[in-house]
Amino acid sequence: MVDTPDSRASQSLGLEEAYSVKTPDDNRRLYAKWAATYESVFVATQKYRYPQAISEVFHNVITSADISSIVDIGTGTGLTGMYLSSLRPNLVIDGIDISPEMLTKAQDKKRQNGSSVYQLLLEQDMSKRASTPNSPYDALICSGTFTHGHLGPEAIDNLIALVRPNGWCVIGVNNEHFEAREFDKKLNQLIETNKIADLQILKIQVYEPESTHYGDQARVLVFRIESDF
Ligand SMILES: C[S@@+](CC[C@H](N)C(=O)[O-])C[C@H]1O[C@@H](n2cnc3c(N)ncnc32)[C@H](O)[C@@H]1O
C-alpha cells in the first residue's frame with residue numbers, strides 16, 4: 001500500500017475509534033473509512049476471532065434440523081458468513097449492514113465450493129425496523145455489532161422481528177456494553193412477555209491468545225423465538 005496520509009489514518013483505525021462512535025451516522029462514517037483495512041490490518045494484527053467463535057457457537061448449539069436460512073446482522077466484510085458457511089455449507093445466508101463499503105467487501109466472500117457466501121446483502125440501519133424480501137428467517141447471527149456506540153438492547157426487537165416463530169438467534173454482545181446497558185433487563189422483559197424462550201448466555205474470547213487484547217470476552221445470547229410470537 002502507498003503510504004499516504006489517508007492510508008496511515010485508515011491503518012491506525014481500530015478499537016479506540018470503533019468505541020468512540022455514538023450515532024448510526026457516526027457508524028456509517030467510521031466503516032466507510034475502515035472497510036479497506038478492516039481485515040488486512042485490524043483482523044490480522046489484532047487476531048480478531050469473534051466471527052469464527054460465534055459461528056462455532058451457532059454450529060454447536062443450534063442443532064435443530066429445520067434451519068436452512070439465516071440473516072447475518074452487522075455483516076461487515078463477511079467473515080461470519082464465511083466461517084458459518086464452512087461449518088454449514090447448505091445454509092442460505094443473507095446479510096444486513098449500515099455500511100455500503102463493508103457490504104461491498106462481503107459481496108466478494110466465497111464459499112469453499114466457489115459460490116458467493118451471501119445470497120442477498122442489504123444496507124439497513126438496524127436501530128430501526130428493517131425489511132427484507134426473504135424474512136422471516138429460520139435463524140439470525142450477529143458478531144461485533146452490539147458494542148459501544150453501535151447497537152443497544154432496544155435494537156434486539158428489530159432483530160427478532162426478522163426471525164420466524166421457533167427460529168433461533170445467536171447474538172454476540174460486548175461484555176462491558178452488556179453490563180453498562182443492562183441487557184439482562186431487556187432479556188428478562190422479552191422472556192416475561194413471551195417473545196423469546198430457552199435463553200442461554202455463553203462467553204467467548206474475542207481475540208486469539210497472541211493478541212494484545214487477549215482476555216476481552218463477549219457474551220453470546222442464544223435464544224428461540226416463541227412459537228406464538
Ligand atoms: C465491528 S464490525 C463487525 C463486523 C462483522 N460482523 C465482524 O465481526 O467482523 C460492526 C459492524 O456493524 C455495522 N453497524 C454498525 N451500526 C449498525 C446499525 N445501526 N445497523 C446495521 N449495522 C450496523 C458496521 O457497519 C460494521 O460493519
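The model is predicted: local features need pLDDT of at least 70, side-chain atom pairs count only at pLDDT 80 or more, and totals for chains, interfaces and linings use all residues. Residues are numbered from 1 along each chain as its sequence is written, and side-chain values use heavy atoms, with hydrogens and water left out.

**Exercise 1. The ligand shell**

Task: State how many residues surround the ligand and which are the closest.

Solution. Step 1: the shell holds 22 residues, and the closest are Tyr38, Tyr48, Gly74, Asp97 and Ser143.

Step 1: sort the shell by class, with Ala, Val, Leu, Ile, Met, Phe, Trp, Tyr, Cys and Pro as nonpolar, Asp, Glu, Lys and Arg as charged, and the others, Gly among them, as polar. This gives eight nonpolar, 12 polar and two charged residues.

**Exercise 2. Polar contacts and cover**

Task: Find the distances from ligand oxygen atoms to polar side-chain atoms of tyrosine 48, aspartate 97 and serine 143.

Solution. Step 1: apply the cut-off for a polar contact, a pair of N or O atoms within 3.5 Å.

Step 1: read the distances, which are 2.8 Å for tyrosine 48, 2.6 Å for aspartate 97 and 2.6 Å for serine 143.

Step 2: assign the shell to helices (H or I, at least four residues) and strands (E, at least two), which are DSSP runs numbered from the N terminus. Helix H3 (24–34) and strand E4 (137–146) each give two or more residues; the largest share, three residues, is that of E4.

**Exercise 3. Backbone exceptions**

Task: Identify the residues joined by a cis peptide bond and the residue other than glycine with a positive phi.

Solution. Step 1: most residues other than glycine have a negative phi, and most peptide bonds are trans.

Step 1: serine 135 and proline 136 are joined by a cis bond, with omega about 5 degrees. Proline 136 belongs to the loop between E3 and E4.

Step 2: lysine 47 has phi near 55 degrees and sits in the loop between helix H4 (38–46) and H5.

Conventions:
Near = heavy atom within 4 Å. Polar contact = N/O pair within 3.5 Å; in protein donor to acceptor, adjacent residues only side chain to side chain.
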